[in-house]
Amino acid sequence: MTIESAQDGTAQPRDRKVTLVSQSDETKQANTKMKPDHDTVYAQQAADYDRMIQYEDIEQEWRHSVQQVLNKRHYERIIEIGAGTGRFTRVVLADMSNRDWQSGSYVACDASEAMLEQLKHNIWLDVSLGRISAPTAAKLSTHEALHHKLPLADHSADLILAGWTICYGACEGNTSEEQSSLLARIMHELRRILRPGGCIAIWETLGTGVAVPEVPPGLRTYIRDLEERYGFERTELSTHFRFPSMEEAKQITSWFFGSAACEFLTLETDGSVVLPSYTGLWVWDNDKARQ
């Protein structure tokens, strides 16, 4: 998808009930054996990851959800954690290129230097293609940083964005108790840098290569804490992938999501291939929380 097509999207996010599912020990062991090494992907295969995400969100619900967040109020200082190759950065800066944002700033943080280098390449590619204005791109700065230790001043953000990233910092390989403890550190850091009246928006997976949207077992404690402990409100999105061919679909799906997800690939009449994928958006509004 191009940024231009994202801005033309009309699909609306929907509120739905999401099922929390459990897995047998045998299923967990099988998934562990087949699990792709995402740390290696982020550190060494940023360009391949960037190619994969271009196929996502065929109904444009994720892009519309980003624009809904941006339309809530005027944000001068935007900070993104786990920015990766710039999926959010590109859409937000393209949008801000058409707004009055003369005193605005955008800080993109990620633990991977390779991801941030790809992000900067993508932003200036979009400038060359006229998708992002040069003055808007110049407002971007990047930092190599972890979620719980951001090199940013107190109350320096009007809006904090986090897409498919806090789950890695809080959940990966951790017990429920450890998840709660790590999430508490991250949330303390995010609220430290958030200005009064600011907003935090978090996107996380509700499954890829699944028949229905569901909170993955490994994220159960994290998601429950977001909603019950920290007061985030959830919206569910359909963010399916569309690949140009079955060969490409199988290669990318097994590489990033595991071979079991290939069972859900569907060949369309035009020769393209769809992989079902679902995403949740969780929003915490400081103004609303203080009311």
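Arg51 and Glu248 pair up through their side chains in a salt bridge, with N to O at 2.5 Å; the term here covers a side-chain nitrogen of Lys or Arg within 4 Å of a carboxyl oxygen of Asp or Glu. The model is a predicted one, so to speak of local features takes pLDDT of at least 70 and side-chain atom pairs count only at pLDDT 80 or more, while totals for chains, interfaces and linings use all residues. Residues are numbered from 1 along each chain as its sequence is written, and side-chain values use heavy atoms, with hydrogens and water left out.

On accessibility, the two partners fall into separate classes: Glu248 is buried at 16% relative accessible area, whereas Arg51, at 32%, is partly exposed. Buried stands for under 20% relative accessible area, exposed for over 50%, and partly exposed for anything in between (1.4 Å probe, protein chains only).

Arg131 and Asp126 form a salt bridge at 3.3 Å, N to O, and Asp126 is buried, with a relative accessibility of 0%. Glu227 and Arg234 also meet in a salt bridge, this one at 3.0 Å, N to O. Here Glu227 is partly exposed at 26%, and Arg234 is partly exposed at 27%.

The overall count comes to 13 salt bridges.
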